[in-house]
Amino acid sequence: MTDLFASSGPAPRDEPAPTAGADRRVAVLLPLPLREAYDYRVPAGMALGPGDFVEVPLGPRRVVGVVWGEGAGVVESGRLKAVVRRFDVPPMPEAQRRFIEWVAAYTMTPNGHVLRMAMSVPAALEPPKPMLAYLRKEGAEPPPGFKMTEPRRRVLALLDDGGPPRTPAELAEEAGCGVTVVRGLAEAGLLDPVMLQPAAPLARPDWEKPGPELSATQKSAADDLRERVESGTYSCALLDGVTGSGKTEVYYEAISACLKAGKQAVVLLPEIALSAQWLSRFAKRFGAPPAEWHSELTGAQRRDTWRAVANGEIPVVVGARSALFLPYKSLGLIVVDEEHDSAYKQEEGAIYHARDMAVARAHVGGFPIVLVSATPSLETKVNADSNRYARIELPGRHGGAQLPDVELIDLRRDRPPARHWIAPSLKQAIARTLAEGEQAMLFLNRRGYAPLTLCRACGHRLQCPNCTAWLVEHRLARKLQCHHCGLSQPIPHHCPECNEEGSLAACGPGVERIAEEVAELFPDARAAIMASDTLFGPRAIQEMVRRISDHELDLVIGTQVMAKGHHFPMLTLVGVVDADLGLGGGDLRAAERTYQLLHQVAGRAGRAQRPGRVMLQTYMPEHPVMQALAQGDRDGFYQLEAEMRLEAGMPPFGRLAALIVSGEDAVAVERVAMALGRAAPRSDTVHVLGPAPAPLALLRGRHRRRLLLKAPRATQVQPLIASWLEQVEVPPSVRIQVDVDPYSFL
Ligand code: ADP
Ligand code: ZN
């Protein structure tokens, strides 16, 4: 996204007065793929204001929606259905409603669809109910004939240990039995029922708790951010500093200022499930943890959090991109950490970039936003260069820790042996690191054992039947998997094509295969794999991070799960197995992304007293990305990358929007794609490429065609696309997705 506010979204409308009238009607937006709000009659005696959450009839159903404004009066009032009830929660704030409209307009998604992202927990609208819990009933003896089974004994033993009353579900989980066991004990009169009042709000982070003594540069950065928060007006600042320079400490000061002002703050992290270290660090700094918001929460956690955010009881939320859509009562600061991370782009449903939407949220809400990165996106960098965003710099690592030395290993000369992937010089460096009692990490952004399996007899490659993709061997799980649709099948003994037995051969490495090589080269090293599919859930990741921090492991082989923000004091060597991996494919941002990722991986090395060393294995040592990394010449790289984009009229200097046409019927998809091609808006400055089969021409059984619109930066692409789409008839079996500012070209 370049000119964020070029299209400022719909103008605010007149707000209805929060009084009840005889003939009053309101427009209610429903969390369904609807563009418009529907009118409903306000029953006598019901006071409704804008933003109120209400239940309304829709056909035979009842749905929950939000009062969006005064009714339009198109439908005769006699035929209008009435609002059923109003929920007892604070109304959705005006800024949040304007934000929803803005996101909908920008991403060309129906308002109701975006509203649904903000109403993902309807249960939160009902007041929490008291819950039944149990204590041990003192002196109660089992009735005659009551069989004291082992699970029953365990539950009673738990309760005999004292502790607070617990719900049947909690007791069952702790005792490792079913809930019926607990119920049986209650029916036998051995337990004392207690009604638990809803969970007390979490302890509040304490803004007065002092942080560490900041260096002079850190302090001036922190003061700058504090002033922005205190001013209570919109501004966007890029906090730009190398990994380990104290960016987190500095933005904690901004959070402290926000809490002092009595406002709420939200911190977006690209992979919140991987952020245990961040959470415990925050808790240490402020004496209480933040509230989390991400897909791993339980239903009850989601409900309590949503409600407490709406009530203003939760002052700090840390979350994934969806945290932007929570109904903050009084939001006063957004921090987007690792703002360059592509995990911020949501590719399903409403396609949006959370960093860009966060800037819009701050603008609508009239408060500051801080974008944080050691390797900003080119978009953000250009915005800072042109003073649209302020730039706050932290040039050096805190405490004088040195940035690691980056060396290139030219794989054309320094060759690993056949079917091995660790070059002799990297092997040597690992040996030395281990001998010094330090830790090493090998990075390869590829899960599984091998990315391709082929038949040595007939050359057949094992492919996913639903996707244009090879099946990836996962040897530990003994499965072939498709990383696009999740298909998983046993590894066959025969080639499915020529039926030859034992002819299937693994091609290329994934982390599992590197682990095998490590075990062969360094049999005594304590090694482990760290990848999203070898670690189940945040707990497992947290445990792995702890094992590395506590030096229970000597060598870690990891995918990008490893690259994110962790701080390992004894990790002094990082080896990148295939530094060229991200550069193929002709993606617009391939070089930028590779640079950012490798820079981040490199940043894991030597974060404490011991200096770090980074070795990149590459077949293209002369490539600008490799040169920039080896020479630590970040700005030179950005400069070159910016020149190339400018030359080509590509973002952030030009605009792109993609249309993805998909469906199960290849012919119907092709027909719509061709019709779109013929109707495409074309002029001296606006160009449309395609239709062309998408690189993932088949995905989850759907055929896919792409069109790409390219326009000058000043162009508002949304109206262009809207009138383009109007000209083409689309059968129900075919779907067109609009991706404004695409990041994925697959
Ligand atoms: P970044 O976010 O830029 O990677 P961090 O804020 O994580 O940097 O800082 C790196 C390390 O240095 C952390 O362990 C942090 O606690 C420590 N640190 C940074 N600034 C200070 C300071 N002023 N005093 C004490 N420790 C600091
Ligand atoms: Zn597949």
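These are my notebook entries on what I looked up in this predicted model.

**Ground rules**

I number residues from 1 along each chain as its sequence is written, letter chains from A and number ligands from 1 in the order in which they are written. Because the model is predicted, local features need pLDDT of at least 70 and side-chain atom pairs count only at pLDDT 80 or more, while totals for chains, interfaces and linings use all residues; side-chain values use heavy atoms, with hydrogens and water left out.

**Overall build**

I began with the secondary structure, and the protein chain has 19 helices and 31 strands. Here helices (H or I, at least four residues) and strands (E, at least two) are DSSP runs, numbered from the N terminus. The radius of gyration is 29 Å, close to the 27 Å of the globule rule for 746 residues, so the chain is as compact as a globular protein of that length. That radius is taken over C-alpha atoms, and the rule is 2.2 Å times the number of residues to the power 0.38. I also noted the box filled by the C-alpha atoms, roughly 85 × 85 × 70 Å along the principal axes.

Next I looked up burial: 52% of the 746 residues count as buried. Buried means under 20% relative accessible area, exposed over 50%, and partly exposed in between (1.4 Å probe, protein chains only). Of the contacts (heavy atoms within 4.5 Å) with a separation of 6 or more, 75% are between residues 24 or more positions apart.

**Aromatic rings**

How many aromatic pairs does a search of the whole structure find? I got 13. Rings of Phe, Tyr and Trp (its six-membered ring) pair if their centres lie within 6.5 Å; planes under 30 degrees apart are stacked, over 60 edge-to-face, and the rest tilted. I picked out F53 and W306, an edge-to-face pair with 5.5 Å between centres and 75 degrees between planes. F53 sits in strand β3 (residues 53-58) and W306 in helix α9 (residues 299-311), so the pair ties together parts 253 residues apart in sequence. F53 is buried at 1% relative accessibility, and W306 is buried at 2%. I also found a cluster in which ring pairs link Y251, Y252, W278, F282 and F286.

Is helix α11 (residues 378-385) mostly covered or mostly open? I found it mostly covered, with seven of its eight residues buried. Among these are L378, E379 and K381. The buried residues of α11 pack against several elements, including β8 (235-241), α10 (354-365) and α15. After α11 comes N387, with a positive phi near 65 degrees.

Helix α15 (residues 590-602) holds T594, which is buried at 5% relative accessibility. Beyond its neighbours within four places in sequence, T594 touches A579, G582, L583 and V625.

Most residues other than glycine have a negative phi, and most peptide bonds are trans. With that in mind, I listed some exceptions. The bond from P651 to P652 is cis, omega near 5 degrees, and P652 lies in the loop between α17 and β28 (654-663). G690 and P691 are also joined by a cis bond, with omega about 10 degrees; P691 is in strand β29 (residues 687-699). R478 has a positive phi of about 55 degrees, and R478 is exposed at 66% relative accessibility.
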